[in-house]
Amino acid sequence: MSIFGALKISLVERIWANMALFAKQLQTITAGGLRSQQVRMASNEVSFHTKPYKLHKLDNGPNTSVTLNRDDALSYYRQMQVIRRMESAAGNLYKEKKIRGFCHLYSGQEACAVGMKAAMVQGDAVITAYRCHGWTYLLGSTVTQVLAELTGRMAGNVHGKGGSMHMYTDSFYGGNGIVGAQQPLGAGVALAMKYREQKNVCVTLYGDGAANQGQLFEATNMAKLWDLPVLFVCENNGFGMGTPVERSSASVEYYTRGDYVPGIWVDGMDVLAVREATRWAKEYCDSGKGPLMLEMATYRYHGHSMSDPGTSYRTRDEIQEVRKTRDPITGFKDRIITASLATEEELKAIDKEVRKEVDEALKIATTDGVLPPEALYCDIYHNTPAQPVRGALIEDTIVQPYKTSADLLKAIGRA
Amino acid sequence: MSLRNLIHFSTKRCRFASTLSVREALNMAMDEELARDKSVLLMGIEVGRYDGCYKVTKDLWKKHGDQQVIDTPITENGFAGVAIGAAFNGMRPICEFMTMNFSMQAIDQIINSAAKTYYMSAGRLNVPIVFRGPNGGTPGVSAQHSQDYSAWYAHCPGLKVLMPYDAEDAKGLLKAAVRDDNPVIFLESEVMYPKEFEVSDEVMSPDFVLPIGKAKIQKSGTDLTIVSYGKAMHTVMEAAKVLKENHNIDVEVVNLRSLRPLDFDTVAKSIRKTGHVISVEESWPVCGIGSEIAARCMEDEKVFGAMKKPMMRVTGCDVPMPYSMPLEAKALPVVDDVTDMVKKVLGKN
């Protein structure tokens, strides 16, 4: 690109920025609550403005002016809707007692995962805590695999051996049930990336509750010491279980709590802000500067888990207010319709497709078979001769008939 | 070739080409594995520039560099987690705890993140990692730094747990641990580090690897089976000598080497031969490895049927380790405890 070309582009950017400012002044807030302001570009791209980021120990940060094209708009909308619908379905399955144990839903937080995924490239990895259904879907599992895992069926992500909190894909290291344990694990995934000189990051997620685990301090210390390409992402949904952040954290500015690790506060209800912040953070990591800490300000509609109605420590009005004014999907929908990136009808058509996809997944998740009893003895040791495994009785001791679930599924024609 | 070597070659003794301390054996094992496979990392407190708190990792940083040999801050839970995360993503870390006592800070990561992930992921994600360090009773360091974790870790499916006795065990088992595709707990002993053993040329070879899950008949005998492992083996071997020389009792000594998987077949075979069994360990008695051996002896009709007397245990005393020297001396089993118990079981006291 010539210098002239570069100048021209920077001039254009400035004009757009001015126009965006102008548009901001004109904009009236709709009932759905518009966060980003948009300006129509000459191409099929539209420029939006995000809420300002807050920066910690950074001279500059992500751009508050972001662009969105039609394809991406439809794709983010679809992904967020899939997660919302999938989680609603999971909630219903739980109430019908078809899901056992724990079940933590992501509804309300969709923009975080979808926005981050949008900025990730091949080779980037993610590790999170137990609120993992949405991430599992975004990183390569189908809705069927997620829902069937919740119901413990063979079609599940890990064929029913992990359940709600333990799902995996090639770039997704779980699904971790112990609050905070994923923080150093994510730094370790990043250590391997750095060792192999990959231009990749490990997105390491935790909630505002887990932000108070000592492991985060230990992990950020090593990550900064060794400049590991890790993004520590605090999804601050306001509550660690039922305790509001003010009652659990001496500082609720989670993006500053890495101390020497620079941080960014991001509007986690705006998929475009999340995408831009992640893109910027990835560039920062890729350049070898080490870790960053991102705080995504978000909200969860359901209780901490399905056993928590989520109403004893906050009011129903509060939840309704967020749904009405800050919902990540409604807000985004309004924006892309207003910007003529999509029509109401097109989005309705997507909704219909999504409903169908989730309904079909539900059918399999509630009718598929469960692993045969031999699966109890699978997946104990990798690459190890079949081991004797003791059962409840000494007579139940059995030499592993299949070493892995994969071997077993193959044997019963399910591979 | 020197005349001395020629002479050695001409006799049966040529098998024992060298003496090797346990410390040297461990160092050699890691040195060879770091060189053989660049995905092997060594991580821990003072493993690099300091040459290891107990000099087990001496010169490894100089030979293999910053990339493979990583000094960590004093942050066990954190660096164990980092090491496990690296193992998730294709590395094969050796995670050293300065002593295994500090592994308790990281035990959640070891059990919940390392041991269970292969099962939880239905075989999608395996965790090739070694957690190693000195373990068990150490003179003069009192309760918090003198504890044996063999039973703690052997309790947990998903882990493999190894406990070497001599230099051969140390080298062959550590190399096996590094090459294994699963989390392996490797329990060493500070007291055993300087002890020297004669080893064969085979042991000195970079290809020497011992199988995991196989016990060794350290000494064959006919009168009684002693099942032991780790540092307690040292006491047992001394006792075996005393029993033979002073009492004409010929014990068979089973060195378990691997506590999980546990090679009960070798133990059973030996008991069927001798008809008597005791276990010797330095661990606390309750729910220990000896308890497990006793339970299995009773659950196996053939073994139980072959036993002429009930199995007895020799264990560490059921107290935290005291500092005072005479009290400390009473807290761990000594040669006399073993010889007394053998004579008692055989009705020869």
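User: Thanks! Let me start with a detail: is Glu197(A) buried or exposed, and why?

Analyst: Glu197(A) counts as exposed, because it has 8 C-beta neighbours inside 10 Å, and a residue is called exposed at 12 or fewer. Keep in mind that this is a predicted model.

User: Where does Glu197(A) sit in the chain?

Analyst: Glu197(A) is in the loop between H6 and S6 of chain A. Its backbone stands out as well: phi is positive, about 55°, although Glu197(A) is not a glycine. As background, most residues other than glycine have a negative phi.

User: Let's switch to the helices. How many of the residues of H9(A) are buried?

Analyst: 13 of its 16 residues are buried, so H9(A) is mostly covered. This helix spans residues 271-286 and reaches 22 Å from its first C-alpha to its last, close to the 22 Å expected. After H9(A) comes Gly288(A), with a positive phi near 90°.

User: Can we zoom out? How many helices and strands are there in chain A?

Analyst: Chain A has 13 helices and 13 strands. It is 415 residues long, and 54% of them count as buried. Among its contacts between residues at least 6 apart in sequence, 71% join residues at least 24 apart.

User: How many residues does each chain bring to the contact between A and B?

Analyst: Chain A gives 37 residues and chain B gives 36. On the side of chain A, H6(A) gives the most, with 10 residues. By class, that side has 21 nonpolar, 13 polar and three charged residues.

User: Now chain B. How is it divided?

Analyst: Chain B is divided into domain 1 (3-204) and domain 2 (216-345). Their centres are 25 Å apart, taken over C-alpha atoms. The contact between them takes 23 residues from domain 1 of chain B and 23 residues from domain 2 of chain B.

User: Which elements of domain 1 of chain B supply at least two residues to that contact?

Analyst: Helix H7 (150-154), strand S6 (160-162) and helix H8 (167-179) of chain B each do. That side has 14 nonpolar, six polar and three charged residues.

User: Last one: which residues does the cis peptide bond in chain B join?

Analyst: The cis peptide bond joins Arg260(B) and Pro261(B), with omega about -5°. Pro261(B) lies in the loop between strand S12 (258-260) and helix H11 (264-274) of chain B.

Key:
Residues numbered from 1 in each chain as written. Chains lettered and ligands numbered in written order. Predicted model: local features only at pLDDT ≥ 70, side-chain atom pairs only at ≥ 80, totals over all residues. Domains from an automatic or database assignment. Contact = placed C-beta atoms within 7 Å. Helix = DSSP H or I, 4+ residues; strand = E, 2+ residues; numbered from the N terminus. Nonpolar A, V, L, I, M, F, W, Y, C, P; charged D, E, K, R; others polar. Expected span 1.5 Å × (residues − 1). Buried ≥ 20, exposed ≤ 12 C-beta atoms within 10 Å, placed from the backbone.
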